[in-house]
Amino acid sequence: MMGMKAIEAARVFVEETGISDSLSAEDFLVERESMLQSLFPTSELMPGASRLIEHLHAKGVPICLATGSHRRHFELKTQRHGELFKLMHHIVLGDDPEVKKGKPAPDVFLAAARRFEGGPIDSEKILVFEDAPAGARAAKNAGMSVVMVPDPRLDSSHHAIADQVLSSLMDFNPSEWGLPAFENA
């Protein structure tokens, strides 16, 4: 369900858990919202995320964020990390008008590729970092390369779609992808 639009994920959840007879997907989202309002502001960055973003920004590598999260949730999740997200060239959210379908559809990544300065950027030249199987599939459906940094509890059968799987962003070696090496590497 990770990476899907909220209503799509909620439908999967209520069906797979067998609670669809007592709780609709829409009602589930209403009940879930209060929990998210308290949990999202405490969101931490993945280890290595700030190092990677700051490095790419300093080296002039165009970077953006393409997420299935809607604006209200994105703002809650990122409120403690505003300075880091200012380093992005642009951000495309799941409720953007150009994003008709959620991941695994490629919409969010294709919209992001079109918005770079002097864009659109050729999909084959884009490297996507993903934690979710639906997101990795969306990037591949857009013709992009994928480095997956999945939750360790994710079944490894979901790793096959990625071009590279890492246990942490701390393990990422930019030079393996033709990007400038870390200074302290």
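## His55 and its surroundings

Setting aside residues up to four places away in sequence, His55 touches Pro174, Pro180, Ala181 and Phe182, where a contact means heavy atoms within 4.5 Å. His55 is found in helix H3 (residues 49–58). Helices here are DSSP runs (H or I, at least four residues) and strands are too (E, at least two), numbered from the N terminus. His55 counts as buried because its relative accessibility is 8%; buried is under 20% relative accessible area, exposed is over 50%, and partly exposed is in between (1.4 Å probe, protein chains only).

A word on what you're looking at: this is a predicted model, in which local features need pLDDT of at least 70, side-chain atom pairs count only at pLDDT 80 or more, and totals for chains, interfaces and linings use all residues. Residues are numbered from 1 along each chain as its sequence is written, and side-chain values use heavy atoms, with hydrogens and water left out.

## How the helices pack

Start with helix H1 (residues 6–16) and H2: their axes come within 8 Å and cross at roughly 105°. The axes are lines fitted to C-alpha atoms, for helices over the stretch in contact, and angles run from 0 to 180 degrees between N-to-C directions. H1 and H2 are therefore roughly perpendicular to each other (the range for that is 65 to 115 degrees, while under 35 is roughly parallel, over 145 roughly antiparallel and the rest oblique). Among the residues that meet are Ile7 and Phe13 in H1 and Phe28 and Leu29 in H2.

Now take H2 (residues 25–39) with helix H4 (residues 71–78), whose axes come within 9 Å and cross at roughly 30°. That makes this pair roughly parallel. Arg32, Glu33, Leu36 and Gln37 of H2 make the contact with Arg72, His73 and Leu76 of H4.

## The nonpolar cores

A nonpolar core is a set of buried Ala, Val, Leu, Ile, Met, Phe, Trp, Tyr and Cys residues joined through side-chain atoms within 4.5 Å. The largest one has 18 residues, and Val92, Val108, Phe109, Val128, Ala139 and Met144 touch the most other members. Helix H6 (107–114), helix H7 (133–141) and strand E4 (145–148) each supply at least two residues, with H6 giving the most, five.

Beyond its neighbours within four places in sequence, Phe109 is in contact with several residues, including Val128, Glu130, Ala139 and Met144. A second, separate core of 17 residues includes Ile53, Ile63, Phe74 and Leu84.
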